[in-house]
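Thanks for coming. I will go through one structure today, starting with a term we need and then moving to charged pairs, cores and the interface.

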Amino acid sequence: MRANAHRAAEPPVELWERESTRPRSLATAMLASVDAGKLTCEALEAASPLMRAMTRSQIARAHAIVRSHVLARRSLARQELSRRLVDRSPE
Amino acid sequence: MGSSTTTQVDADTALRDAHDAVYRWPAWFSGFTAEVIVDGAGGHSRGTIDARPGQPVDLDIDAVPDVDRPWLTDQLESMVTHRAPLAYEDGDGRHEKQLVAGPGGREAVIRVDDGLGSRYWLEDGAISQIERTIGDERVTVAIQSRAAATAHQYVARDITVFWRNGDTGMLRSLELLRDDHVPLGEVMVPARRRSLRIEADGAATVREMRLIAHSAERVEEA
């Protein structure tokens, strides 16, 4: 998974751009919940009005966007931490 | 205390006890890495995962066929999410709830006002079935058997998941799951999930993922 880091760091723009409005809206709401520090169950409940009448596939695609964003952020945070450690190195 | 309040307290106590019986990782456990082996609809593939509580699973398995990747991602995240620490007060404990059937008996049904129309069936103090509405579907998860994880907690072993049309109740698909967990130091971690999924048109898919060579930075409490 470490070798995967450079790919995960790229924002998943394509995933977002090729998606339709409803999964985008759901992904936006769920990311806002994640940013607000909400737990998975809270995020799901907060987004429940948006999910009403959405298909399993649309919800899965929204989850894929959220997953990609969160993993990209985690990868960027790792890279930033590595960079700081290198900067602080006496070498 | 009025009867409706009594019912609320009874429901809350029963559901709290049932949640407490489900094994979850201790708060100090930061997750694990493992090799993942998948035998799916698209064939055999192998990779690695980095699983952390409360986070999406980082999956590095380029060779996994597109037909299996969403299944693999969903199942890994489901297994990790259900092991991640979650205080009752942060989950169902936040909501009003009612005991809607079987008060005080061997079985109970509890309705949770969480916006998802969730219902829990409890049997002998353990969760036997969960039902909630997600999108346009009513999803039912039936726990068919359990495996002991600690002296007082279990992990689900045989699970059946039904997806039904939220309006008509017509069955769309069902999935039979069998899970195995293994110890890693003092914690139990997912080791295998086998799945048989059947769609409404009869199409069936068998998949299995195995996790081996688990590793954690810290595997027992200091």
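A residue is called buried when its relative accessible area is under 20%, exposed when that value is over 50%, and partly exposed in between. Keep in mind that this is a predicted model.

Take B:Glu137 to begin with. Its relative accessibility is 3%, so it counts as buried. Its side chain forms a salt bridge with that of B:Arg172, at 3.2 Å from N to O. The two residues are 35 apart, with B:Arg172 in strand S10 of chain B and B:Glu137 in strand S8 of chain B. B:Arg172 is partly exposed, because its relative accessibility is 27%.

Now a second pair. B:Arg178 and B:Asp158 meet through their side chains in a salt bridge of 2.8 Å, N to O. B:Arg178 belongs to strand S10 of chain B and B:Asp158 to strand S9 of chain B, so this pair ties together parts 20 residues apart in sequence. B:Asp158 has a relative accessible area of 17% and is therefore buried, while B:Arg178, at 30%, is partly exposed.

And a third. Are B:Arg193 and B:Asp179 buried or exposed? B:Arg193 is buried, at 4%, and B:Asp179 is buried too, at 5%. Their side chains form a salt bridge of 2.7 Å, N to O. That links strand S11 of chain B to strand S10 of chain B, across 14 residues.

There is also a network of salt bridges, which joins B:Arg157, B:Asp180, B:Arg192, B:Arg194, B:Glu208 and B:Arg210. Over all chains, the whole structure has 28 salt bridges.

On to the nonpolar side. In soluble globular proteins, nonpolar side chains tend to be buried together. Here the largest nonpolar core has 28 residues, and B:Phe29, B:Phe32, B:Ile49 and B:Leu72 touch the most other members. Elements supplying at least two residues each include strand S1 and strand S2 of chain B. H2(B) gives the largest share, five residues. Another core, of 16 residues, lies apart from it, with B:Leu99 and B:Tyr120 among them.

Last, the interface. Chain A contributes 23 residues to the contact and chain B contributes 31. About 2200 Å² is buried between them, with carbon and sulfur atoms giving 48%. How many salt bridges cross the interface of chain A and chain B? The rule finds seven. In one of these, B:Asp50 meets A:Arg78 at 3.5 Å, N to O. On the side of chain A that touches chain B, H6(A) supplies the largest share, seven residues. That side divides into 11 nonpolar, three polar and nine charged residues.

Definitions and conventions: Residues are numbered from 1 along each chain as its sequence is written. Chains are lettered from A and ligands numbered from 1 in the order in which they are written. This is a predicted model: local features need pLDDT of at least 70, side-chain atom pairs count only at pLDDT 80 or more; totals for chains, interfaces and linings use all residues. Side-chain values use heavy atoms; hydrogens and water are left out. Contact means heavy atoms within 4.5 Å. Buried area is the accessible area (1.4 Å probe) that two parts lose on being put together, summed over both. A salt bridge is a side-chain nitrogen of Lys or Arg within 4 Å of a carboxyl oxygen of Asp or Glu. Helices (H or I, at least four residues) and strands (E, at least two) are DSSP runs, numbered from the N terminus. Ala, Val, Leu, Ile, Met, Phe, Trp, Tyr, Cys and Pro count as nonpolar, Asp, Glu, Lys and Arg as charged, and the others, Gly among them, as polar. A nonpolar core is a set of buried Ala, Val, Leu, Ile, Met, Phe, Trp, Tyr and Cys residues joined through side-chain atoms within 4.5 Å. Buried means under 20% relative accessible area, exposed over 50%, partly exposed in between (1.4 Å probe, protein chains only).
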